[in-house]
Amino acid sequence: YGGFVDAVCDKAFVVPCWIALLHSIPSSGHIRWAQYLTLIFLILAEVASGCIRFRAYFTSVGIPAPKVEGFDFSTSAVKADHVGKAKQTFEMVGSALFILPLTRYLGFVFLFLAVPLAYESVRRKVNSRVMYVNGNGFEKMDHKVLKFLMQAKAMGSKLIVGFSEKKTDMILTACACSCVDEVIAEAPKKLDLMFLEKQGIDYVISSVGDEQFVTDETLGAARCLAIGEDAIARPLKAKDEKAD
């Protein structure tokens, strides 16, 4: 909640401020239209970012995503990352300087530099990440299984649960879970890269100790992660690599 409020409060301040500053731009000047376009682009970017944050926060699974070793999973639609922090600094400093007539052009430079950062921040928030979970090991939908599914969903934007065995009750139960976006009833027993590419799957998630249900080629492609009891996701490796 704190990360969400921190990332949204700046928008509640700067957007009305920029709308007011649009009326303060001199009617004549060398970079009049550049100032108009910069403020309009920033307003559009921050409004879009705010909408994405609200949707992501109120549709989140309510459990923190596991930390991931060896991968950059820092991008979040709820919390601000380093790009968002840099953008926020440029926007705040630029807005303060833009208000003052003597430093207006210096503030415009800061705001102009914030435009690409603002759109990069929005791009990162809408970047999708599809996760896959093997449902064959689920005997019943207890609190441990539900927590595992919620952790897997929190790591991405879409969660797919696949079943290669005929478990009608578990398939129907998985379909009823709010954190599950799609269920594949006839998934292959061994997942290969061709299947992942066909389904648009980015990463395969499992628990530590689960039987291997992916090919060695898929493991070598660093597309498999195992969530441990310490809530840390680590890359899965082939048996020969572990021995080395």
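Figure 1. Helices (H or I, at least four residues) and strands (E, at least two) are DSSP runs, numbered from the N terminus. This is a predicted model, where local features need pLDDT of at least 70, side-chain atom pairs count only at pLDDT 80 or more, and totals for chains, interfaces and linings use all residues. Residues are numbered from 1 along each chain as its sequence is written, and side-chain values use heavy atoms, with hydrogens and water left out. Of the 244 residues, 43% count as buried (under 20% relative accessible area, 1.4 Å probe, protein chains only).

**Figure 2. Helix α2 packs with helix α4.** Helix α4 spans residues 104–125. The axes lie 9 Å apart, at an angle of about 35°. Axes are lines fitted to C-alpha atoms over the stretch in contact, and angles run from 0 to 180 degrees between N-to-C directions. Contact means heavy atoms within 4.5 Å. Among the residues making the contact are Leu42 and Ile52 of α2, and Phe108 and Val115 of α4. The contact residues divide into 16 nonpolar, 3 polar and 4 charged. Ala, Val, Leu, Ile, Met, Phe, Trp, Tyr, Cys and Pro count as nonpolar, Asp, Glu, Lys and Arg as charged, and the others, Gly among them, as polar.

**Figure 3. Phe54 sits in helix α2.** This helix covers residues 32–58. Val8 is 46 residues from Phe54 in sequence. In space, the two are 8.7 Å apart, C-alpha to C-alpha.

Key:
Buried < 20%, exposed > 50% of the residue type's maximum accessible area, 1.4 Å probe, protein only.
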